[in-house]
Amino acid sequence: MTPTTTSLTARTAALLGGALLSLLAGCGSGGAGDDTTEARGTRTAAAPARTEQEAVAALEGMPPVLDPRDIYAANRPGMLSPTVRGYPSRVYVPNTNSNTVTVIDPETYRVITTIPVGVQPQHVVPSWDLKTLWVNNNRGHTLTPIDPATGVAGKPVEVHDPYNLYFTPNGKYAIVMASLDRELVFLDPHTMERKKATPVPCYGVNHADFSPDGRYFVVSCEFSAQLLKVDTEKMEVIGRQKLPLEGAMPQDVKLSPDGRTFYIADMMAHGVWVLDGERFTEPALMPTGKGAHGLYVNRDSSEMFISNRGEGSISVFDFEQNRLTKKWWLPDGGSPDMGGVSSDGKVLWLSGRYHSEVYAIDTRTGEQLARIPVGSGPHGLAVYPQPGRYSLGHTGVFR
């Protein structure tokens with residue numbers, strides 16, 4: 001979320017009124033009820049996973065799905081692509097207000113260098129082919145490439161309003177989430193030359209994830225409380241819906257391992273929307289905590305970590321049980337935002353958006369392992385390298 005959200009928060013908070021209080025009673029309290037919450041309207045058992053016989057008719061050119069029952073099957077510990085095996089393990093932190101990227105050694109928890117980049121860097125994004133890290137300089141209107149083998153930044157590429165960056169599952173296009181321009185901009189994934197700009201009927205496009213077959217993706221619209229469904233091949237919006245909560249502010253989007261459900265974090269609904277992507281019907285709300293923001297699947301695809309930025313906590317969702325099972329609180333508070341899971345799956349790394357710091361959290365116990373000072377306004381942190389055959393973008397969505 002960009003700094004403009006500070007001014008919008010007061011406005012949207014006022015819109016919530018009694019509807020928010022009645023819908024979300026107790027959702028940000030951190031009480032025992034938060035650890036067993038299911039999505040409203042989804043109290044039955046989770047849908048059965050796909051069988052091995054069910055084929056996935058994928059987008060042309062997309063690498064075949066390894067396991068139809070688990071789209072994250074290529075993300076297990078040790079399953080590093082040959083492309084990335086020689087890269088040093090690093091945590092890259094874009095500091096939105098400092099116009100820098102802090103680079104951390106995850107073994108020692110020490111800052112090893114700081115890289116100057118463009119104005120207002122929002123996310124560090126691994127390229128589809130895993131060879132480049134792109135820094136999204138939102139207000140500088142550039143993308144800065146970083147070589148993950150050397151940690152050296154290259155010459156910035158001019159791209160207008162690059163709030164966030166994704167890649168189509170076949171690697172054919174990069175997609176810029178041009179938040180203020182109200183466009184999805186499809187680019188050459190290597191040169192970043194513009195190929196097509198698709199206007200969107202909403203404000204603040206920011207996060208997305210793709211269907212298992214890659215044929216469509218779901219986009220969150222932060223400033224107009226909407227979701228979009230976009231045809232990947234046609235590069236056109238094919239669905240649009242308003243979230244059923246006045247003042248909602250959808251953020252990160254993540255697909256379930258079985259490929260049937262999209263989860264959308266919402267910082268003003270203080271929870272996660274649960275969406276049937278195929279039918280694209282009205283989603284149900286699962287309260288998690290104040291300021292729900294980032295979504296991260298663990299290495300065995302059993303759990304999803306949800307950062308609650310407004311209260312300094314992380315909720316843990318169990319996919320098989322279809323409910324929240326744990327909540328971890330940062331011992332000294334904080335503002336956990338965006339990040340990723342370490343290659344071995346043992347550490348969850350999150351930026352502290354309003355505290356100029358980064359958190360390292362044990363994924364088994366929730367213990368805070370480190371709290372590292374960085375620049376001002378740390379945002380879309382990337383842990384790299386990670387297991388996976390290719391990147392769909394953001395801070396590292398691998399398949």
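**Salt bridges and cores**

Author: Asp161 counts as buried, at 0% relative accessibility (buried means under 20% relative accessible area, exposed over 50%, partly exposed in between, with a 1.4 Å probe and protein chains only). This is a predicted model, where local features need pLDDT of at least 70, side-chain atom pairs count only at pLDDT 80 or more, and totals for chains, interfaces and linings use all residues. Residues are numbered from 1 along each chain as its sequence is written, and side-chain values use heavy atoms, leaving out hydrogens and water.

Reader: Which side chain does Asp161 meet in a salt bridge?

Author: Arg139, at 2.6 Å from N to O. A salt bridge here is a side-chain nitrogen of Lys or Arg within 4 Å of a carboxyl oxygen of Asp or Glu. Arg139 is partly exposed, at 30%.

Reader: How many salt bridges in the whole structure?

Author: The search finds 15. Another one pairs Asp70 with Arg76, with the closest N and O atoms 2.5 Å apart. Asp70 is buried at 8% relative accessibility, while Arg76 is partly exposed at 24%.

Reader: Switching topic: which residues have the most contacts inside the largest nonpolar core?

Author: Phe262, Tyr263, Trp273, Ile306 and Phe317, in a core of 31 residues. Such a core is a set of buried Ala, Val, Leu, Ile, Met, Phe, Trp, Tyr and Cys residues joined through side-chain atoms within 4.5 Å. Apart from it lies another core of 22 residues, including Leu184 and Phe186.

Reader: And what's the mean pLDDT?

Author: It's 89, with 86% of residues at 70 or more; pLDDT is the predictor's confidence in each residue, from 0 to 100. Over residues 1–36 the pLDDT is below 50.

Note on methods:
Contact means heavy atoms within 4.5 Å.
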